[in-house]
Every structure is written in C-alpha cells, then in structure tokens.
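Please open the model in your viewer and keep the selection tool at hand. The tour goes from whole chains to single parts.

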Amino acid sequence: MLRPAILALLFASTLTSVIIAAAALFGAHLLRRWDLRSGGEGQLRLERRTYLVSTAVGLALAVQAVSLLLFVYNADRMAELFVGAMCAVGTLNVNAYGFPALQVRIALFFLAAVWLVMNHVDSRGYDYPLTRAKYALLLGLAPLALLQLYLEWRYFLGLNPDVITSCCGSLFSAEAEAVTADLAAIEPRLAMGLFALSGVAVIAAALFNRRADGRHGLLLGGLGAIWFVVTLVAVIAFVSPYVYEHPHHHCPFCLLKPEYGYVGYLLYLPLFSATVMALGVAAVRPFAAVPSVSGVIARLSRRLSTAAAVLNAGVVLIVGIIVATSNLMLLE
Amino acid sequence: MIELIDVKKAFNHHRPNEHWAVNGVSLTLEGNRLTVFQGPSGSGKTTLLTLIGCLARPTSGRVRLDGKDVSGFPERFLTEIRRGTFGFVFQQYHLLRGISVLENVMLPGYPAAPRYGTLRRRALELLERFELAHKAHAKVEWLSGGESQRVAIARALINDPAVVIADEPTAHLDTALAKGFLTIAEELRAQGKTLMISSHDPLVCEAPIVDRLVRLRDGRLAESA
C-alpha cells in the first residue's frame with residue numbers, strides 16, 4: 001500500500017476524480033442553461049468558466065490516461081510480492097477489485113482520450129461548437145471516474161500478501177472456466193486470418209479517411225474499435241504463445257515482463273494510441289459541418305488518420321516479426 | 001461595423017463596493033467613421049472602449065464585430081482580434097522605457113511573426129510619416145509629450161488595424177499638439193480607418209472631422225449626436 005507507485009496512483013485518481021466530479025456538476029448546470037443567443041450575465045459567466053473548467057478537466061483526463069500505464073506497470077512489478085503471482089494477472093487477482101479496476105480504467109482511458117480530442121477541436125472554434133457535446137460526455141464519464149476511484153481504493157486497501165493468488169496460467173488457458181478460455185482456445189489460423197483482415201481493413205480505412213479529409217471518420221472509428229478487440233483476441237490466441245514459444249501460455253500480461261523484452265509495451269502502446277485516434281476522428285466527425293471548425297476537423301482528421309495508419313501498421317509489423325522469429329510452430 | 005447590445009460592465013460585482021461602469025449601452029458604430037465618446041470623468045468612456053476593443057469582457061450584453069459575437073470569444077481568438085483589428089493609443093501612452101522609439105513601434109508586430117526586415121521597414125515608414133524618423137533610435141524617455149503620443153499612434157498602426165481606439169488622446173497636449181493629433185486622425189479616416197476616441201476636450205468633441213458624438217453619463221448613453 002505504501003509503495004510510491006500505489007500512492008501516486010491513488011493520489012492521481014482521487015485528485016482527478018474530484019476535478020471531474022466538480023466539472024460534471026458544472027456541466028449539468030451548463031447543459032441546462034447554455035444559450036449562445038443570450039447575452040445575459042449567467043450565459044457570459046458560463047462562457048468564461050467553461051474555459052477554466054475545460055483546462056482543468058483536460059489536465060485531469062490526461063493524467064488519467066497516462067496513469068493507466070503506471071497501473072499496469074505497477075501490477076506487473078508487484079507480482080513478486082504475492083505467492084502464486086507470476087505477472088500482473090496474479091496481482092490483479094489478489095482480490096475481487098483488481099480486474100474490474102483495470103477494465104474501468106481502460107474504458108475511462110478511451111472516453112478521456114475522446115473527450116480530449118473533442119476539447120481540442122472545441123477550443124479552436126470561436127463559437128463553442130462542441131461545448132454541449134463535450135459536457136454531455138463528461139456527465140457520462142464522471143460516474144465512471146468515481147467508480148474507478150472506488151474500485152482502486154478497495155483494490156489497493158484490500159491487498160493482502162498472505163493471500164495465495166492464482167497465476168495467469170489458470171486464467172488464460174483453454175481449460176479455464178472463463179471467457180478467456182474461449183479466447184485461448186481459438187484456432188490460431190482463424191485468429192491470424194481475422195487479425196490480418198481487420199488490420200488491412202483498419203489501415204485502409206485510415207488512409208481512405210486521410211484522403212477524404214475525415215469524411216469517413218465514423219467508418220474508421222468503428223473499424224478501429226473492432227481492430228482493438230480483434231488484436232486483443234489475437235494476442236491471447238496466437239501472439240502470446242509465439243512470444244513465450246509455448247503453445248499453452250496465452251497470457252497477455254506476461255508480455256510486459258523484462259524477460260520477454262517488454263514486447264507488450266511495443267504492442268499495446270501503438271494499439272491503444274491508434275484506437276484513440278480512430279475513436280477521436282469518429283467523435284468529432286458529426287461536427288465537421290460547423291463552419292468555425294470544419295477546417296480544424298479536416299486537418300486533425302488527416303493527421304490522426306495518418307498516425308493511426310502508421311501505428312496500426314506498426315502493430316501488424318511487430319506481430320509479424322514475433323511470428324516470423326519465434327521457434328514455435330502453431331501452424332502446420 | 002461594431003454593434004453593442006445592452007452592454008453592461010460591473011467592477012467588484014456582487015460585492016458591497018460594486019460599481020456599474022457601463023450600464024446598458026446599445027449602440028451601432030459604422031466603419032470608416034470618427035466617433036467621439038464624450039462624458040465627464042467616471043462616465044464609462046474608457047470602460048466602453050476597452051469592451052469594444054476586446055480588452056475586457058462585458059458582465060452582460062453582447063459586442064458584435066462585423067456580425068461576430070466577440071464578447072463570447074474564447075481568449076485565444078480575442079488575442080487575434082486585438083492584434084489584427086484594433087490599434088490602441090492609451091491615455092498615458094504606455095511606451096516601454098529603456099528601449100528605442102523604433103523598438104517600441106515594432107513591438108506589437110512581433111507576435112504575428114513577419115520577417116524582421118519587413119517589420120522594421122514598416123515601423124520606419126510610420127515614424128517617417130509622423131516626422132519622427134530622426135528619433136528612431138532615441139530612447140522613449142527622451143521624447144516630449146507630443147512626440148510620445150505620435151510614437152504611440154505609430155505603434156497602434158504597426159499591424160495596420162481597421163479600428164484605432166484612442167483614450168483621451170489630447171489630455172496631456174497643448175492646443176497646437178491637440179490640433180496636430182486631429183490632423184493625423186483625419187488622415188487615418190481618409191485612409192479608411194475607423195476611429196473611436198474618448199475625450200472631454202471641447203477641441204476634439206467640437207472638431208468638424210468628428211462624424212458622431214456619443215455622450216455618456218453614469219455608464220449610460222446620455223444622447224447621441
């Protein structure tokens with residue numbers, strides 16, 4: 001509990017959740033009272049405050065997004081403290097709050113990143129084009145932030161070194177009684193085919209969207225989300241066994257360990273970043289017709305689509321290298 | 001065109017010493033005109049000019065510049081508007097001591113990042129126009145009142161603004177220098193600039209070049225001539 005990383009995570013979560021909750025209250029007030037046609041005192045006060053609140057929320061969500069990395073890294077590093085834990089899976093399994101905390105964190109990461117993209121566009125329009133939308137999203141995001149805060153406190157306060165936890169082998173094996181077992185049991189050939197197909201589709205959609213100045217942002221967002229899920233399935237189904245050179249070791253968390261060259265970070269960082277970009281492009285697409293930000297959205301869509309294409313190509317390349325250089329033969 | 005719609009500005013709002021400097025002014029100001037805001041001290045002239053020039057935001061009401069509601073603009077856009085649309089001549093001139101006349105004039109041009117040579121040439125042309133070329137490298141603290149004011153005008157024009165706002169420009173000038181200022185104002189209007197001047201100097205208010213006189217009292221319009 002007194003590890004610096006845990007204290008940093010709890011401090012960051014508490015601080016950012018307080019900021020987000022306060023901003024959500026402001027957002028609820030704004031959604032009720034916002035009227036750009038009015039020159040009333042209340043409206044002008046809202047316009048002045050939204051700038052300050054957006055800046056604070058932007059900072060809080062950026063901290064939230066970055067701290068996901070610290071959360072995962074810390075979970076992996078703490079494995080040595082618990083009997084039975086080999087990687088982050090064992091640490092997160094110490095009590096019932098570990099995995100829910102991670103799942104909520106991941107959901108919050110994507111929502112936060114989308115909010116930051118929307119805020120970026122909104123701040124570049126003189127007439128507050130996305131203000132209502134971004135505060136509506138914040139209202140959805142705030143309960144998640146509070147839930148994450150609750151789960152994380154319960155998780156860290158409930159860490160008991162005397163608990164014998166279960167290692168990743170019991171969760172990510174074809175024999176386990178969980179959805180992960182189904183994923184681990186997927187035929188490698190099928191998983192590879194799906195991975196290659198969705199990889200080509202998402203890269204093509206990103207390049208297509210870049211050429212079209214973001215007009216196909218929703219398509220890219222949809223394919224980006226599918227690609228994210230397919231890649232995680234692929235990691236469990238065939239990438240992990242290739243990395244570990246063991247046909248029954250499917251853990252997606254052991255990839256983060258130094259003995260495997262931290263290859264997980266090489267995979268997950270571009271994957272998460274590219275998914276954020278695809279979702280961000282989709283989130284701002286409905287506002288592309290607003291004159292004050294149409295140019296901003298077109299430019300941003302081009303940049304994010306290019307980055308998403310490059311990062312996703314990087315993911316495909318890394319997986320390709322892993323498969324090509326592994327001594328394991330999953331396909332006959 | 002600048003449009004003010006029921007503009008109010010309070011200082012120390014919701015405090016015991018609350019003061020409404022501008023209290024419900026609605027006004028339409030045409031372009032390429034010389035408008036003088038006349039009124040006694042404390043009538044709200046300077047506050048109104050700061051609201052028009054986007055130096056301050058109203059407590060309520062709207063300020064529209066060419067149809068766009070600038071009173072609601074986020075700060076980053078207001079900076080652009082202040083830089084590109086308005087030139088300011090302050091009552092105390094606010095020239096920066098310790099640097100030369102030329103550097104003072106060039107200063108507001110730097111954020112737009114033009115080529116240094118272009119900016120310097122533009123500044124020298126303005127100093128030439130106001131017969132101050134020979135003082136270009138003098139420090140501003142060596143200037144007389146009239147010279148300081150002309151440097152302030154040159155500085156206000158460095159970004160070629162559409163609107164020049166001057167706050168009590170003749171307050172510290174003798175009659176000859178005040179007439180000199182009016183001559184410059186007439187030239188600027190002839191070049192298509194919009195001028196907005198606050199003054200209670202009869203020499204300015206009654207000058208034939210004034211297109212419109214807006215009288216203020218206690219933060220409200222007294223009458224518009």
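What percentage of the 332 residues in chain A is made up of buried residues? Select chain A: buried residues make up 46% of its 332 residues. A residue is buried if 20 or more other C-beta atoms lie within 10 Å of its own, exposed if 12 or fewer, and partly exposed in between, with C-beta atoms placed from the backbone.

Before going on, note that this is a predicted model, in which local features need pLDDT of at least 70 and side-chain atom pairs count only at pLDDT 80 or more, while totals for chains, interfaces and linings use all residues. Residues are numbered from 1 along each chain as its sequence is written, and chains are lettered from A and ligands numbered from 1 in the order in which they are written.

**Chain A**

Colour chain A by secondary structure. It has eleven helices and zero strands; helices (H or I, at least four residues) and strands (E, at least two) are DSSP runs, numbered from the N terminus. Chain A has a radius of gyration of 22 Å, close to the 20 Å from the globule rule for 332 residues, so it is as compact as a globular protein of that length. The radius is taken over C-alpha atoms, and the rule is 2.2 Å times the number of residues to the power 0.38. Along the principal axes, the C-alpha atoms of chain A fill a box of roughly 70 × 50 × 30 Å.

**Helix α10 of chain A**

Select residues 263-284 of chain A, which form helix α10. Of its 22 residues, 16 are buried, so the helix is mostly covered.

**Leu70(A)**

Next, pick Leu70(A), in helix α2 (residues 41-77) of chain A. Leu70(A) counts as partly exposed because it has 15 C-beta neighbours inside 10 Å. Beyond its neighbours within four places in sequence, Leu70(A) is in contact (C-beta atoms, placed from the backbone, within 7 Å) with Ala5(A), Ala8(A) and Leu9(A). Ala8(A) is 62 residues from Leu70(A) along the chain, and their C-alpha atoms are separated by 9.0 Å.

**Chain B**

Move to chain B, which has seven helices and ten strands. Of its 225 residues, 41% count as buried. Its C-alpha atoms fill a box of roughly 50 × 40 × 35 Å along the principal axes.

Finally, show both chains: their contact takes ten residues from chain A and 13 residues from chain B.

How values were computed:
Contact = placed C-beta atoms within 7 Å. Expected span 1.5 Å × (residues − 1).
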